[in-house]
Amino acid sequence: MAFRIIGLNDPIFSGFEDIFDVPDHEVEKSATPSKKYVRDAKAMAATPADIKEYPDSYVFVVDMPGLKSEEIKVQVEDDNVLVVTGVRQRESEKEKEVKYVRMERRIGKFMRKFVLPENANIDAISAVCVDGVLTITVQKLPPPEPKKPKTIQVTVG
């Protein structure tokens, strides 16, 4: 019979993370990642996205079921990183006698980060959310014009 040592980072306890929200500065410093890091990693992994490249733009398609546009934030960080964040709230129940039999839909914060290529025009970005699908379009910068050789006049001296 095999035994397994269960630690606080074990998946069995992952459901308790949001219930007992202990600030990160109170957690002992150790070799394990912080709760915030683990939470952000889970949020990024749980937000599927497709990236398409067109001749004049990049298009990011991110699933955001059940979210309103005011619950989604799209930003570009200084180092050309496109960041999509938001919060999915649990619907408030009017009846107090509601008991969840199963709860599979993810609630809480989510985040995705995408490193933009050098030719992305961060001044020409648009975002539209329709039927739970967020579409972010990032226009490309025009390609640099090839340098023409400089002709130097040779004088007789």
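Strand β2 (residues 57–63) and strand β7 (residues 133–140) run antiparallel and are joined by seven bridges. Strands, like helices, are DSSP runs numbered from the N terminus (H or I, at least four residues, for helices; E, at least two, for strands), and two strands pair if DSSP finds at least two bridges between them.

A word on what you're looking at. This is a predicted model, where local features need pLDDT of at least 70, side-chain atom pairs count only at pLDDT 80 or more, and totals for chains, interfaces and linings use all residues. Numbering starts from 1 along each chain as its sequence is written, and side-chain values use heavy atoms, with hydrogens and water left out.

**The sheets.** The β2/β7 pair sits in an open sheet of four strands, ordered β1-β2-β7-β6 with antiparallel pairing. At its edges stand β1 (49–53) and β6 (120–130), each with a single partner strand, so one side of each has no neighbour in the sheet. Neighbouring strands here are turned by 15 degrees against each other on average, direction ignored; the axes behind such angles are lines fitted to C-alpha atoms, and angles run from 0 to 180 degrees between N-to-C directions.

An open sheet of three strands has the order β3-β4-β5, also with antiparallel pairing. Its edge strands are β3 (72–77) and β5, each pairing on one side only. The twist averages 15 degrees from one strand to the next. β4 and β5 share eight bridges, and valine 87 has lysine 109 in β5 as its bridge partner.

| Strand pair | Sense | Bridges |
|---|---|---|
| β2 and β7 | antiparallel | seven bridges |
| β4 and β5 | antiparallel | eight bridges |

**The surface.** Val98, Tyr100 and Met103 make a nonpolar surface patch of about 260 Å². Patch residues have over 30% relative accessible area and no salt bridge, with like charges joined within 9 Å and nonpolar side chains (Val, Leu, Ile, Met, Phe, Trp, Tyr) within 5 Å; a salt bridge puts a side-chain nitrogen of Lys or Arg within 4 Å of a carboxyl oxygen of Asp or Glu. Methionine 103 lies in the loop between β4 (81–88) and β5 (108–115), and is partly exposed at 40% relative accessible area. Buried means under 20%, exposed over 50%, partly exposed in between (1.4 Å probe, protein chains only). Of the 157 residues, 20% are buried.

Conventions: Areas by Shrake-Rupley, 256 points an atom, 1.4 Å probe, with all protein chains shown as cover.
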